[in-house]
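Work through the exercises below with the sequence and the 3D structure at hand. Each task is followed by a solution in steps.

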Amino acid sequence: MRVLTGDTPTGNLHLGHWVGSVKRRVQMQDTHECYFLVANMHAFTTRADKASDIRRDCIEVARDALCMGIDPERSAMFLQTEVPAIAELTYLFAMLLPYNRVMRNPTLKDELEIKGLKDNYSFGFPLYTVGQTADILAFRAHAVPVGEDQVPHIELTREVARRFNKMYCGVPDKAPDEEHESLGGVFPIPVADVGEVGRLVGIDGQNKMSKSLGNSVEIRDTAKQVKKKIGKIYTGQDSRQPDDPGEIDPAKNPLFQYVETFIADPDRVVELRDRYARGDNIGDGEVKMAVVDAINELLEPMRERRERYASDDVVLEILMEGSRKANVIAEETLAMAKDAASLRFFDRTIELS
Ligand code: TRP
């Protein structure tokens, strides 16, 4: 099974990224053919005036992913803009989608709303959703591991694939999704693999962990920084209600999300929960220390890998190798698609250096 997924580069990664997506990607390297895309062109939708910042963010995101265990030997991590087939397929797919269909995408609408863009967004902003269909279909991916918010984009991708296969490859109108490829379609109809993704609350104990809210524990934080940050977690309530200590629900206490997420030993988790709920001689301080130790145990091998990936040149070399691998399959797909759509006049090879 081939999987493709990606991120818009935002800079350094934090524990929320680990819990929400990277951990699963690291595991998938053992079981799937993996392509991980750094969606740097997508970053231009809102930051076209910050091009050099985007470039820096690409390198940081890639470095953090490598530190977290993305293994360049077993997966291809690559730059969207170094795979020209993606841009070409975007143009072609844009012809297959009614304009109004693109604009009906609920995730797109939410983003325009949240970012306060009203009528001031670029032409490229809605186009990124079509671009995302090309990101996926260029790899003829079978599955796309993503968060819930990305599902509308995958639905759009499925529509593009079905339409293309029917229009240009002779796949019959009523063909079931699973049979498109065997019936001669260029594209498998990919599925969104939402899985069980964790959503980690930030150290403010309120909002989702996010760099821009300043409530994150960064992957590159030192042991000392981790200790300091976890020490600040607001536990939501006075942990001991003097009149009725047994009535505290640890599930309502954000600190316990960290206990459950990062302490690997389930018996230890149960023990902490029970003692805490009973008010059995345990305060926030002791629980926090246990969380600090668990997080540092997770981050320590990542800190060790960082030395290997410290230089930008090393990271760029890995992105180039990943982009080479990505181009092999994306060029093959493009040739197939051009063939089907009577657009294949000549052949070509892409070389990166
Ligand atoms: N839009 C995704 C996000 O913001 C990033 C992305 C770009 C992506 N291309 C993709 C995700 C292809 C999955 C597949 O998170």
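**Exercise 1.** Classify the residues of the shell around the ligand as nonpolar, polar or charged.

Solution. The model is a predicted one. Sorting the shell by residue type gives 6 nonpolar, 6 polar and 2 charged residues. The shell holds 14 residues, and those that come nearest to the ligand are G6, T8, Q132, D135 and Q150.

**Exercise 2.** Which side chains place a polar atom by a nitrogen atom of the ligand, and at what distance?

Solution. Step one: a polar contact requires a pair of N or O atoms within 3.5 Å. Step two: take the side chains in turn. For D135, an N or O atom of the side chain is 2.7 Å from a ligand nitrogen. For Q132, the distance from a polar side-chain atom to a nitrogen of the ligand is 2.9 Å. For Q150, the corresponding distance is 3.0 Å. Step three: consider the ligand surface. The ligand taken alone exposes 360 Å², of which the protein buries 87%.

**Exercise 3.** Find the elements that give two or more residues to the shell around the ligand.

Solution. These elements are β1, residues 2-7, and α7, residues 124-137. The largest contribution comes from β1, which gives 4 residues.

**Exercise 4.** Describe how α4 packs with α13, and how α10 packs with α12.

Solution. Two packed helices are described by the angle between their axes and by the distance between those axes.

Step one: helix α4 (residues 84-94) and helix α13 (residues 312-340) have axes 9 Å apart, at an angle of about 30 degrees. Angles under 35 degrees count as roughly parallel, so α4 and α13 are roughly parallel to each other. The crossing of α4 past α13 is left-handed.

Step two: helix α10 (residues 254-262) and helix α12 (residues 284-308) cross at roughly 40 degrees, with axes that come within 9 Å. This pair is therefore oblique. The crossing of α10 and α12 is left-handed.

Definitions and conventions
Residues numbered from 1 in each chain as written. Predicted model: local features only at pLDDT ≥ 70, side-chain atom pairs only at ≥ 80, totals over all residues. Heavy atoms only, no water. Near = heavy atom within 4 Å. Polar contact = N/O pair within 3.5 Å; in protein donor to acceptor, adjacent residues only side chain to side chain. Areas by Shrake-Rupley, 256 points an atom, 1.4 Å probe, with all protein chains shown as cover. Nonpolar A, V, L, I, M, F, W, Y, C, P; charged D, E, K, R; others polar. Axes fitted to C-alpha atoms, helices over the stretch in contact; angles between N-to-C directions. Parallel < 35°, antiparallel > 145°, perpendicular 65-115°, else oblique. Left-handed = near helix turned anticlockwise from the far one by under 90°.
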